[in-house]
Amino acid sequence: MRHLMGVLGVLAAGVLLAVSAAMNWRFGFSLGKTELDGMIYGSASAAADCLKALVPFFLFAALRNRMWSQAAAAVVVGVVCTAYSLTSALGHAALNRLDTTGQRAAEAQMYKDLRADLQRTQEQLSWVPQHRPIGVVQSEIDNAQNQRPWSWTKGCTEVKGKQGREFCQSYHGLTAELASGKEADRLGSRISELSEKLSATSGTAIMAEADPQAAVLAKLSGFSVDTIQIAMTVFIALLLEVGSCFGMYIAFSQWRLYDDVQAPAAPALAEVRADVALPVPAPVMADAVAEVAAPAITAAAAVAAPVRETAPAQISAKPRSGANDNKSAPAPQRLMAPETDVERFYKESVQTQDGSSMTATELYEEYCAWCEEKEKEPLALPTFGREFGELGVQKAKLGGRVRYIGIALKSARDVEEDKKLTAFREKAA
């Protein structure tokens, strides 16, 4: 289950990181004057966004190893990259939200204009008088133009007499009816065109508000729509930046990256009693015996020296040339590698003690304090754990934590005695 949660967390954080990097790349690309400049700005923005996601790993690793300069550098890089990425995300989100709301507002206004135009055209059509079909009226006009009164009145331009006036009144009535028919046809065509446009527009959702989300939140909160739109733009940018920055670090916490990967499996015991003596490894016991026996051997050699001096001399002070003095040739000295800081720390600060144990974290903190006292650069926790494990100290994983069995820290008195003993050995040698 833990691995499944970790995988899902990594996938979700990866999606947020990819979206944030894409937004930053597009916004950075839009800043370039040429295509090459846009590629440069876009690539730098995407790289800064990816580096922003790695900064938490570098920062907490530096803090864990007490690398204060690296931690400070990680903080500076994280702040700069996050600020730049946040501004890019805000610019991209604001640009897209304004474009979307502007397009919706234009579509809504266009729909309103079409409906108003259709209503006005229909109203104009209702004003047109009743008329017969245009073909019928046109045929009557052609028939009237073939009659004699048409020629007498010269096309109803010179009206004389009662018969001419009646003919011309009838002719003008036909022309008015023809004009009404043509206007009705024009308005009918306009109505059909507007109806087609409205039918095509009604296939998509036409919203009364350009930004329905902001409108609803404005009504609920009492703020203006512009304020809500700004707040939502900032919220989207923060979602992407926070998710892409800390998502990977949180997801990888399921696998405990800083635990010692070489730690052996925990023994099949639910609990370990503190009063039960655990076996001490052979190398550790041998070192302890050697440390106890060394003072005794040195003291015995110091007592035996005067006795040898007071014994009668059986050998002349100047042996003969070639005499067999039973002295064996000096053994060749073995070349031994110098002690590492971990070995020195183990000899100076750690002692074997049955029934005791220490966590890996406690031991590493004491090692860092020892390095600070000796003015040395401490190793990283995984490297220290690997080298300390090579000394033969038994490790076990109890309660989800790595513990070293059979060791304890020396007291200040023990450390002082060890220093005196080391100085005595060097003087005796």
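Leu51 lies in helix α2 (residues 35–64). Helices here are DSSP runs of H or I with at least four residues, strands are runs of E with at least two, and both are numbered from the N terminus. The model is predicted, so local features require pLDDT of at least 70 and side-chain atom pairs pLDDT 80 or more, while totals for chains, interfaces and linings use all residues. Residues are numbered from 1 along each chain as its sequence is written, and side-chain values use heavy atoms, without hydrogens and water.

Leu51 has a relative accessibility of 33% and therefore counts as partly exposed. Buried denotes under 20% relative accessible area, exposed over 50%, and partly exposed the range in between, with a 1.4 Å probe and protein chains only. Residues up to four places away in sequence aside, Leu51 touches Phe58, Val77 and Cys81. Contact denotes heavy atoms within 4.5 Å. Leu51 and Val77 are 26 residues apart along the chain, and their C-alpha atoms are separated by 8.5 Å.

Ser20 belongs to helix α1 (residues 2–30). Ser20 is buried, at a relative accessible area of 0%. The Ser20 side chain makes a polar contact with the side chain of Asp49, at 2.7 Å. A polar contact is a pair of N or O atoms within 3.5 Å; within protein, one atom must be able to donate a hydrogen and the other to accept it, and residues adjacent in sequence count only if both atoms are side-chain atoms. With neighbours within four places in sequence left aside, the contacts of Ser20 are Asp49, Lys52, Ser85, Leu240, Glu241 and Ser244.

An open sheet is formed by 3 strands in the order β1-β3-β2, with antiparallel pairing. β1 (350–359) and β2 (395–398) stand at the edges; each has a single partner strand, so one side of each lacks a neighbour in the sheet. Neighbouring strands are turned by 40 degrees against each other on average, direction ignored. Two strands count as paired if DSSP finds at least two bridges between them. β2 and β3 (residues 401–409) pair over 4 bridges in the antiparallel sense. Lys397 stands opposite Val402 in β3. The bridge partner of Lys395 in β3 is Tyr404. The hairpin of β2 and β3 has 2 residues between the strands, and Gly399 takes a positive phi near 60 degrees there.

Helix α10 (residues 341–349) touches β1 and β3, and its direction makes about 110 degrees with that of β1. Helix α11 (residues 360–374) also touches β1 and β3, at about 120 degrees to the direction of β1. Axes are lines fitted to C-alpha atoms, for helices over the stretch in contact; angles run from 0 to 180 degrees between N-to-C directions.

The buried residues of α10 are Val342, Phe345, Tyr346 and Ser349. These cover an arc of only 105 degrees around the axis, which puts them on the same side of α10. The arc is that of the directions from the helix axis to the C-beta atoms. An α-helix has 3.6 residues a turn, so residues three or four places apart point the same way.

α10 packs with helix α12 (residues 381–389) at an angle of about 65 degrees, with the axes 9 Å apart. The crossing of α10 and α12 is right-handed. In a right-handed crossing the near helix is turned clockwise from the far one by less than a right angle; in a left-handed one, anticlockwise. Val342, Phe345 and Tyr346 of α10 make the contact with Phe384, Glu387 and Phe388 of α12.

In α12, the buried residues are Leu381, Phe384, Gly385 and Phe388. They span an arc of only 100 degrees around the axis, which places them on the same side of α12. The buried residues of α12 pack against α2, α10, α11, β2 and β3.

Most residues other than glycine have a negative phi. Arg66 has a positive phi near 60 degrees. Arg66 is located in the loop between α2 and α3 (68–127). Arg66 is partly exposed, at a relative accessible area of 35%. Glu375 likewise has a positive phi, near 60 degrees. Glu375 sits in the loop between α11 and α12. Glu375 is exposed, with a relative accessible area of 73%.
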